[in-house]
Amino acid sequence: MTYLEGIYVHREERGKGYGSRCLRKLCEHLLTSSQSLCLAVNHQNKRAVDFYSKAGFEFKSDYETIYLR
């Protein structure tokens, strides 16, 4: 399993296909040495959820981040 977090495309560059192409190439590369990919996304960010769904990712479960001091 490879875990992806913090994938970001600058606001001014969104909608130009850069994110989709980069994510596709990254996934192709990572899947040569890993059986599956997992990523975390804020489920309230509909645009991000739609982006990952379009890329072929499927929702599996919720998670919660807890910060300890």
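Modeller: The structure holds 4 salt bridges. A salt bridge here is a side-chain nitrogen of Lys or Arg within 4 Å of a carboxyl oxygen of Asp or Glu. Side chains of opposite charge can pair when their charged atoms come close.

Some ground rules come next. This is a predicted model, in which local features need pLDDT of at least 70 and side-chain atom pairs count only at pLDDT 80 or more, while totals for chains, interfaces and linings use all residues. Residues are numbered from 1 along each chain as its sequence is written, and side-chain values use heavy atoms, with hydrogens and water left out.

Now the pairs, starting with Lys 25 and Glu 28. Their closest N and O atoms are 3.7 Å apart. Both residues sit in helix H1, which covers residues 18–30. They are 3 residues apart, about one turn of the helix. Helices (H or I, at least four residues) and strands (E, at least two) are DSSP runs, numbered from the N terminus. Lys 25 counts as exposed because its relative accessibility is 56%. Glu 28, at 43%, counts as partly exposed. The cut-offs are these: buried is under 20% relative accessible area, exposed is over 50%, and partly exposed lies in between (1.4 Å probe, protein chains only).

Next come Lys 46 and Asp 50. Their side chains meet in a salt bridge of 2.9 Å, N to O. Both belong to helix H2, residues 46–54. They are 4 residues apart there, so about one helical turn separates them. Lys 46 is exposed, with a relative accessible area of 58%. Asp 50 is partly exposed, at 37% relative accessibility.

Another pair is Glu 58 with Lys 60. The closest N and O atoms lie 3.5 Å apart. Both of these residues are exposed.

What about charge over the whole chain? The chain has 11 positive and 8 negative side chains. Lys and Arg count as positive, Asp and Glu as negative, and His and the chain ends are not counted. The centres of the two sets lie 6 Å apart. Each charge is placed at NZ of Lys, CZ of Arg, CG of Asp or CD of Glu.

Along the sequence they follow the pattern β-α-β-α. The C-alpha atoms fill a box of roughly 40 × 30 × 25 Å along the principal axes. Of the 69 residues in the chain, 17% are buried. The accessible surface comes to about 6,300 Å², and 51% of it belongs to carbon and sulfur atoms. Those areas come from the Shrake-Rupley method with a 1.4 Å probe; for residues, only the protein chains shown count as cover.

Leu 23 touches Ile 7, Phe 51, Tyr 52, Ala 55 and Phe 57, leaving aside residues up to four places away in sequence. Contact means heavy atoms within 4.5 Å. Of the contacts in the chain with a separation of 6 or more, 60% join residues 24 or more positions apart.

Strand S2 also holds Cys 38. Cys 38 is partly exposed, at 30% relative accessibility. Beyond four places in sequence, Cys 38 touches Met 1, Thr 2, Tyr 3 and Leu 4.

Met 1 lies in the segment before strand S1 (2–4). Met 1 is exposed, with a relative accessible area of 67%. The C-alpha atoms of Met 1 and Ser 33 are separated by 9.2 Å, at 32 residues apart along the chain.

Last, the loop between H1 and S2 holds Gln 35. Gln 35 is exposed, at 82% relative accessible area. Gln 35 and Ser 53 are 19 Å apart, C-alpha to C-alpha, and 18 residues apart in sequence.
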